[in-house]
Structure formats: structure tokens, C-alpha cells
Amino acid sequence: MPASAGSPTNPAARLLNLVIALVNTNASMTKQQIRASVAGYGDAPSPDAFERMFERDKDTLRELGIPIVTVDAGGHADEVGYRIDQDAYALPAVDLTPAELGVLALAAQFWQDKTLRTDISRALTKLRAAGAGETAMDVVAGLAPRVRPVGDAYGTLMDAISARRAVSFTYRAASTGEVRSRRVQPWRIAARRGGWYLVGFDLDRGAPRSYRLSRVEGRVRATGPRDAFEVPVDVDVDAALGSRDAGGVARLAVVPERAGALRARGTVVGSVPDARAGDGAGRDVLEVPYDVRYAMADEVVGYGDAVLVLGPPDLREAVVRRLRAAAALVLPAGSGSAEVGERG
Amino acid sequence: MAERADDRLVRLLGIVAYLDGAGPVPVGELARHFGVSERQVLDDVDALWVSGTPGYWPDDLIDFDADSFERGVVRLTEARGMTRPLRLGTREAVALIAALRAMRETAAVQADPERAGVVESVLRKLTDATGEAAAALDVQLAPEGDRRVVAAVTSALVAGHRLRIRYVTAADEESEREIDPVSLHTQDEHAYLLAWCHRARGRRTFRVDRILAATELDQPVEGHDVDPDVDFTPTGDAPLATITFASPARAVAEQVPVESVRNLPDGAFEVRLRVTNPVWLRQLLTERARHVLAVEPAAVAQDVREAASAALAAYAHLPADPVDGPGAGARAAG
């Protein structure tokens with residue numbers, strides 16, 4: 001062997017030589033041929049070590065989108081041959097303009113997780129290999145779309161969704177704080193309003209459920225066989241997270257000149273007298289559409305007595321409930337400024 | 001070097017496929033194209049040069065023009081059949097498509113037809129190339145704010161123009177100021193505009209949904225040295241508050257910039273945070289009051305109780321909802 005193929009211990013060089021060998025082989029190569037002739041595999045000190053090395057390399061290549069296929073090598077009955085079919089791994093022609101490459105460069109900054117960063121930068125390396133020239137950023141100048149890190153569970157969950165395997169994890173319920181083990185067929189990973197969620201089918205409850213990933217304690221494990229279920233074609237993430245049917249139009253009584261941020265999203269439709277203020281003083285009646293009731297309630301309570309809810313009643317109740325709790329914040333039970341009046 | 005073998009393999013194969021189509025490419029340009037250092041490209045070429053098909057005689061190896069390489073230009077002369085770029089793996093396609101889809105829906109992209117068109121076309125080309133729809137990951141970014149405001153902001157960013165804005169703070173104080181926009185950070189919960197503020201003579205971050213109006217001026221921005229990190233943590237000078245939340249408020253620990261989180265029995269947890277903005281803390285505690293178990297210092301809790309009591313008192317004087325409108329239907333139902 002005239003040239004040593006890279007440093008003998010360099011796994012990238014070994015993988016590269018394996019790919020080149022299996023793409024160029026006439027029919028296929030047996031394991032023995034691979035061990036004897038492909039640079040890097042001669043380092044394996046024993047047949048077992050070679051087996052482990054080769055299995056790991058096959059997995060790595062499959063994850064990279066380079067599937068190794070097995071064929072009957074002929075000859076001995078149990079002799080299996082390996083090769084790589086280039087048509088199976090080739091990227092279809094993608095012709096990207098400089099501005100489109102600029103958009104991709106921006107997308108490369110999108111994820112904050114190491115796992116997702118690795119995935120997307122590898123995608124970009126592959127697309128760059130497909131040609132494409134200059135990158136032009138002017139059309140997206142100054143934009144910086146970002147999403148907060150999803151966390152360690154991502155890789156396991158995404159692989160489980162792809163393989164359609166069930167997962168199990170320990171979960172802390174929002175309402176009770178109770179910790180329990182869950183078995184779930186994972187369908188979607190979703191980010192909404194600052195939170196990351198898993199949407200799937202809960203095997204113990206026999207119904208679709210959503211889970212906030214920050215409430216998962218410890219590791220997520222894939223359990224059970226591959227192809228164990230079908231992901232429904234039309235998973236409605238927003239419906240699963242219960243964030244679609246709680247919207248409406250808030251009718252707010254706002255002190256004049258206040259709450260500019262709410263006014264910017266709404267319309268003043270009239271006024272109501274303010275019994276506590278002097279003669280003629282009143283509040284503007286402002287109508288503001290909202291998508292999510294609890295988020296609107298959170299926003300409104302932030303204004304204290306400057307913004308009151310006239311309706312709808314469920315929003316008003318949500319706000320008053322927050323105010324009552326806040327009026328008694330960390331006071332011992334029964335010492336009650338919570339009695340301060342609020343009518344029906 | 002800590003690079004993973006699989007990442008390097010993708011680039012090694014990528015360089016061969018790229019050079020096969022591109023012809024001779026200077027080392028510096030090749031490094032920029034793949035986003036790595038020139039040193040790395042030289043190492044990669046060295047690794048490729050000794051790789052090939054079993055036998056590894058000169059004719060078996062990937063080969064480059066040595067004379068041209070001496071002059072700093074990489075010219076591939078033998079690809080050993082490795083000319084086809086790799087298709088995207090499932091996870092790679094998922095990461096890419098989900099990012100692009102989330103970007104497409106933002107007001108910052110939609111504000112300009114050309115920009116929206118570019119994102120749409122790259123998404124279409126890649127969805128064609130990757131085959132399967134990458135729906136397993138579904139990310140929605142925050143609605144930035146008023147469309148006219150976002151249009152003026154993004155236009156000023158592209159043109160490098162100063163903006164005049166009317167802004168309302170978390171404490172509900174309105175002001176008018178001129179700013180040099182630096183970058184628009186559309187995140188999953190809120191969108192922020194990072195800028196140099198001429199009124200404050202310093203770097204400021206503005207929440208886009210609190211920019212009430214924005215006008216792009218003809219004046220070009222000045223070259224200020226602005227730290228581009230929008231997620232900067234409050235300085236150590238601000239007073240510390242310690243708050244214990246019950247389990248249901250768990251999301252606070254991930255959504256709010258805290259100094260530390262300590263887990264307690266029963267899922268309760270204690271956070272320590274810097275109070276750079278007392279109004280913001282009052283809002284946080286009011287929103288989450290049901291789940292607050294302890295607050296230190298006590299004056300913070302007192303402030304929250306007084307504000308909430310004042311609001312409850314105001315409800316006592318509020319007349320019945322007088323106007324028929326969209327709210328009226330919900331009232332009848334309730």
C-alpha cells in the first residue's frame with residue numbers, strides 16, 4: 001500500500017475511504033474485503049473490534065444520508081456484500097440565487113441548540129457542495145430571527161418521530177406538580193410563545209396530549225419497535241395546545257392617555273364615566289382583539305387600575321382572579337386585603 | 001481539533017463535489033464558501049489527496065494539480081467518482097425547513113414583497129429537493145407588532161437610515177426619539193429592535209410591539225459600536241429579589257432572565273433575579289400571584305398588593321358594560 005490513507009486513527013478519513021470504496025466497487029464488497037483492503041480498518045485489533053467499528057460507521061453514514069445497501073455477494077451462502085448506490089444519496093439539483101443563499105445564511109443562525117445547529121450547518125455544507133456562488137445579504141439586512149433552545153430532549157424526540165417509535169419520560173404535571181412516568185407516541189415538536197412542546201398520543205390515557213418540554217424531568221428514552229404507529233397527517237398543533245379557541249375582543253375601560261401599547265392594537269369606541277374621578281372625567285372604552293385569553297389577562301393586570309376589563313366576562317374573571325391573588329400576595333391566609341370589593 | 005468525524009466527512013465529500021463543478025478555486029474562496037479557515041481547507045485537501053479506492057496506488061487516489069496548489073489555487077484533477085453532492089438527511093431537512101417556515105411567517109419578512117418572495121422561493125426549491133415535508137418540527141415566532149411599524153423598521157435597516165419612533169415603556173411612559181437601528185431580533189416570545197438611541201446617547205433595546213409609530217428618515221445611521229447581543233443580562237448593580245414559586249409557575253424559570261434557580265420539594269422552586277425594572281417585577285408577580293409562595297424583600301410584595309388592591313377598588317366603581325359590540329355577544333353567552 002503506497003500511501004497511508006490519512007492518519008490511520010482518523011475516523012473521518014476512514015469513513016471517506018469506505019464511501020469511496022463502496023461507491024466504486026464493481027458489484028459489492030464483503031466485510032472481509034473491507035477489513036483487508038479499505039484504509040483505516042486494518043487498525044482494528046480483532047474481528048470483534050472490526051465488527052463494532054464497521055457497524056458504527058454504517059450508522060454514521062446512514063444518519064448522514066448515505067445508506068449502505070446489502071446484496072447477496074454470491075459464492076458462499078451466507079456471504080453478504082455491501083455497496084453504496086450513488087443515486088440513493090445524491091441531492092437533486094438545487095440552483096440557488098445569491099439572495100436565496102443569504103436567506104440560508106440567516107437561517108443558519110436561527111437555532112440556539114448545539115444539536116439543531118449541527119443539523120442545519122451540515123445541511124448548508126451539503127447545499128454549498130451543490131454549487132452556488134456568492135451570498136447576498138442585502139434583502140435580509142439587519143434581521144435576526146431566533147428561537148430559544150429546545151433542550152437536550154430534541155435529538156431523541158426527533159429521531160423517535162422519524163422512526164415512529166414510542167418514547168417514555170418523567171413528567172411534572174402543571175396543575176398538581178405531581179411527577180409521573182408517561183409513554184407517548186410522538187407526533188410533533190413545537191415552539192409557541194416562548195415555550196417548547198411535544199404533541200403526541202398518550203398511551204396510558206389513550207388520547208392525544210401535549211407536554212411542555214421544560215416539565216420533562218431527566219432523560220427521554222425511545223422505547224419499543226420502529227414503525228409502531230402512524231403520525232396523523234393533519235396534526236393541529238395550536239388546537240392540541242388549546243391556544244385557538246380562547247381568543248376574542250376585549251372591551252377595556254382605559255384611563256385617558258394611558259396604555260399606548262394596547263391603544264395601538266385597538267379602537268376607541270366610546271367612554272364610560274369614572275365614579276371616583278372628578279366631574280366629567282371618564283375612561284375610554286377600547287376594543288382590542290386577542291388570540292389567547294390568559295396572555296391578554298396577564299397583559300391587562302400589568303396596568304393595575306389604569307386598565308379595567310368591561311368584557312367579555314371570562315376575560316374579566318381571569319383578570320379579577322389575578323388581582324385578588326395579588327392583593328393577598330404572600331400574606332398568611334385570612335389576613336385579607338383580598339376582601340376589597342369587586343362586584344358580581 | 002474538536003470537529004466531529006461526520007461533520008468533517010460531509011465537508012470533505014462536499015469539497016470534491018463542489019470543485020468538480022466549479023473548476024479551479026483559490027484556497028481563500030473555498031474556505032469562505034464552506035465557512036471554515038484556510039488552514040482547515042489545506043488540511044482537508046491533504047486528507048483528500050491520500051484517499052481513494054483500495055490499493056491506494058497513485059491512480060486510485062483523489063488528485064489535485066500540485067503546481068496550481070503551490071500557487072494557492074485548488075484544482076481537482078481526479079474525483080474518483082465522488083462528484084454527486086449528498087442529499088439532506090431527515091434531521092438536516094427538518095432543521096432547515098422549520099427555520100425557513102418560521103421566518104416566512106414573520107412580519108419582518110412579509111413587510112417587503114421582494115424579501116417574502118426570496119424566502120418563499122428558497123423554501124420551495126428546498127422542499128422539492130428534500131422530498132418529504134419536514135412537519136415534525138413546528139416553530140412559530142412572536143408576532144412582531146404593527147405592520148406599518150415593522151415595514152418602516154426593516155426598510156430602515158436595509159437602507160441604513162435613521163428612524164423616528166414613538167415608544168411606550170413597560171412602565172407605560174410614552175416618548176419620542178430618534179434611533180439608529182442595528183438589528184431586528186424576532187424571537188419566539190417577543191421581537192426586539194436593537195438600536196443606538198440618540199436621546200439616551202447609548203445602546204437600547206426596544207420591544208417592537210411597544211413601538212407605536214415609526215418613520216424612516218433620510219439621514220444615514222452613524223457608525224456606533226453596539227454590542228450585537230440582544231439577550232444581554234442585567235448588570236450586577238441592580239438589587240436582587242428572591243422569589244419562591246409553586247410548581248405551576250415552572251415556565252418562569254425558562255422565560256425570565258434569572259441569576260439562579262433552586263429546586264425545592266413538591267416541585268416548588270426559588271429564583272433570584274436582578275430588578276432592573278421594578279414595574280416589570282410588579283407585573284410578573286401580579287400575573288403569577290397564585291403561585292408565589294415567598295417574596296424577598298418584603299417591600300416588593302407590599303408594592304404588588306397595593307397596586308392590585310387599587311385595581312380591585314376601581315372595579316367596584318366601574319359602571320356596567322354600556323356599549324353593544326363584539327364583547328356583547330360573549331357577555332350574553334356568559
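Q: Two residues are in contact if their C-beta atoms, placed from the backbone, lie within 7 Å. On that basis, which residues does B:A17 touch, leaving out those up to four places away in sequence?
A: B:A17 touches A:A129 in the other chain, plus B:M82, B:T83, B:R84 and B:P85. This is a predicted model, where local features need pLDDT of at least 70 and side-chain atom pairs count only at pLDDT 80 or more, while totals for chains, interfaces and linings use all residues. Residues are numbered from 1 along each chain as its sequence is written, and chains are lettered from A and ligands numbered from 1 in the order in which they are written.

Q: Where does B:A17 lie?
A: B:A17 lies in helix α1 of chain B, residues 5-22. Helices (H or I, at least four residues) and strands (E, at least two) are DSSP runs, numbered from the N terminus.

Q: Is B:A17 buried or exposed?
A: B:A17 is buried, because 24 C-beta neighbours lie inside 10 Å. The cut-offs are 20 or more other C-beta atoms within 10 Å of its own for buried, 12 or fewer for exposed, and partly exposed in between, with C-beta atoms placed from the backbone.

Q: How many residues separate B:A17 and B:A79 in sequence?
A: B:A17 and B:A79 are 62 residues apart in sequence, and their C-alpha atoms are 7.9 Å apart in space.

Q: Changing topic. What are the domains of chain B?
A: Domain 1 is 5-78, domain 2 is 90-130, domain 3 is 147-220 and domain 4 is 240-316. Such bounds come from an automatic or database domain assignment. The C-alpha centres of domains 3 and 4 of chain B are separated by 29 Å.

Q: And what does UniProt list for chain B?
A: An unreviewed UniProt entry lists "domain: PafC HTH" at residues 7-127 of chain B, and "domain: WCX" is listed, also from an unreviewed entry, at residues 240-312. UniProt positions are given in the numbering used here, feature names are shortened, and annotations may be inferred rather than shown by experiment.

Q: How much helix and strand is in each span?
A: Residues 7-127 of chain B are 62% helix and 7% strand, with end C-alpha atoms 23 Å apart. Residues 240-312 of chain B are 41% helix and 29% strand, with end C-alpha atoms 29 Å apart.

Q: Which strands form the open sheet in chain B, and in what order?
A: The order is β9-β8-β7-β6-β10, 5 strands with antiparallel pairing. The edges are β9 (202-207) and β10 of chain B, each pairing on one side only. From one strand to the next the twist averages 45 degrees. Two strands pair if DSSP finds at least two bridges between them.

Q: How many bridges join β8(B) to β9(B)?
A: There are 6 bridges between these antiparallel strands. In one of them, B:L194 has B:T205 in β9(B) as its partner.

Q: What packs on that sheet?
A: Helix α8(B) does, touching β6, β7, β8 and β10 of chain B, and its direction makes about 25 degrees with that of β10(B). Axes are lines fitted to C-alpha atoms, for helices over the stretch in contact, and angles run from 0 to 180 degrees between N-to-C directions.

Q: Which residues of α8(B) are buried?
A: B:V149, B:V150, B:A152, B:V153, B:T154, B:A156, B:L157 and B:V158 are buried. The buried residues of α8(B) also pack against α6 (107-110) of chain B. After the helix comes B:G160, with a positive phi near 70 degrees.

Q: What span should α8(B) have?
A: The 13 residues of α8(B), 147-159, should span 18 Å at 1.5 Å a residue, and the end C-alpha atoms are 18 Å apart, which agrees. The expected span is 1.5 Å times one less than the number of residues.
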